[in-house]
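Take the points in order and find each residue as you go.

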Amino acid sequence: MKPTKHHTTYRAVLAAIAAAGTLCLFGCGQKEPEPTVKDPETTPTQISHNHRVINSEDGRRQYRMETPLLERFELAEVPFTEFKKGIKIETFDSALRVESDLVADYARLNEVTEIWEARGNVIAHSYNQERQRTLYTERLYWDQKKKKIYSDTVSRVVDGSSVHIGSNFEADENFETWSFHRTAGQIEVEAINQQDSTRQDTPRSDSTATPGSTASAADTTRGR
């Protein structure tokens, strides 16, 4: 999810690797050879292992990003940063309370369009509401220019005591208002106590809708 003013932590400068072993091969006064890349689309220019960044803005909100592997492809036709081994992002308020978090098995940042893509067991929580909200999906996008998040696959939202299932999910980047353009079902329960935040079960519209649920391909479910 190129970071904006509020998310500069996600694009911290990484340790360069291109000339790491070159200097010792040439004597003083000799010009270093220009680095060459056979395939800029598959050859990272920067790599960082077990990468963690913590940053704050105006002392009000703090961000933390963790990833086992971060690779940046600056020479690609469309520069991008890739997180092949997964990513975890948390935001904190001024009292260091967690406001939101997101985990995914894979993530990629398009540095031109400033759009993040998260894939595989994507789970996002929002804690800054009276009721905790959780999004489960297999693919999620974050458009930093438009300040919105969206998914083009089936998703599930647990909002308080309600479980909503549908496709074409959209929300503001703070997950305060959200909607499905195609709903598959809505289940009202007294409590959701068995949600496993460590894994993602892909929701199936044909098995989760119940006789008492609302289901219509043209319906739009909204949460506030």
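**Notes on strand S7 and its surroundings**

1. Let's start with a turn. Glu-114 takes a positive phi near 60° in the hairpin of S6 and S7, a hairpin with four residues between the strands. Strands here are DSSP runs of E of at least two residues, helices are runs of H or I of at least four residues, and both are numbered from the N terminus.

2. Before going on, remember what you're looking at. This is a predicted model, in which local features need pLDDT of at least 70 and side-chain atom pairs count only at pLDDT 80 or more, while totals for chains, interfaces and linings use all residues. Residues are numbered from 1 along each chain as its sequence is written, and side-chain values use heavy atoms, with hydrogens and water left out.

3. How confident is the predictor? On pLDDT (its confidence in each residue, from 0 to 100), the protein has a mean of 74, and 62% of its residues reach 70 or more. Residues 1–30 have a pLDDT below 50, and this stretch has 56 contacts in the model beyond near neighbours in sequence. Residues 190–221 are also below 50, with 57 contacts counted in that way. Contact means heavy atoms within 4.5 Å.

4. Now the overall layout. The protein has one helix and 13 strands, and along the sequence they follow the pattern β-β-β-β-β-β-β-β-β-β-β-β-α-β. Of its 224 residues, 41% are buried, where buried means under 20% relative accessible area, exposed means over 50%, and partly exposed is in between (1.4 Å probe, protein chains only).

5. Which strands pair with S7? Two strands count as paired if DSSP finds at least two bridges between them. Strand S6 (residues 106–110) runs antiparallel to S7, joined by five bridges, and Arg-108 has Glu-117 in S7 as its bridge partner. Strand S5 (residues 98–104) also pairs with S7 in the antiparallel sense, over four bridges. With strand S8 (residues 133–143), S7 makes an antiparallel pairing of 10 bridges.

6. Take a look at Ile-123. Val-103 stands opposite this residue of S7, and Ile-123 also stands opposite Tyr-136 in S8.

7. Why is S7 largely enclosed by the rest of the structure? Nine of the 12 residues of this strand (residues 115–126) are buried, so the rest of the structure largely encloses it.

8. Setting aside neighbours within four places in sequence, Gly-120 is in contact with Ala-104, Asp-105 and Glu-138. The C-alpha atoms of Gly-120 and Leu-140 are 9.1 Å apart, with the two residues 20 apart along the chain.

9. Last stop: Ser-48, in strand S1 (residues 46–57). Is this serine buried or exposed? With a relative accessible area of 12%, Ser-48 is buried. Its side chain and that of His-51 are joined by a polar contact of 2.8 Å. A polar contact is a pair of N or O atoms within 3.5 Å; within protein, one must be able to donate a hydrogen and the other to accept it, and residues adjacent in sequence count only if both atoms are side-chain atoms.

Note on methods
pLDDT = per-residue confidence, 0-100.
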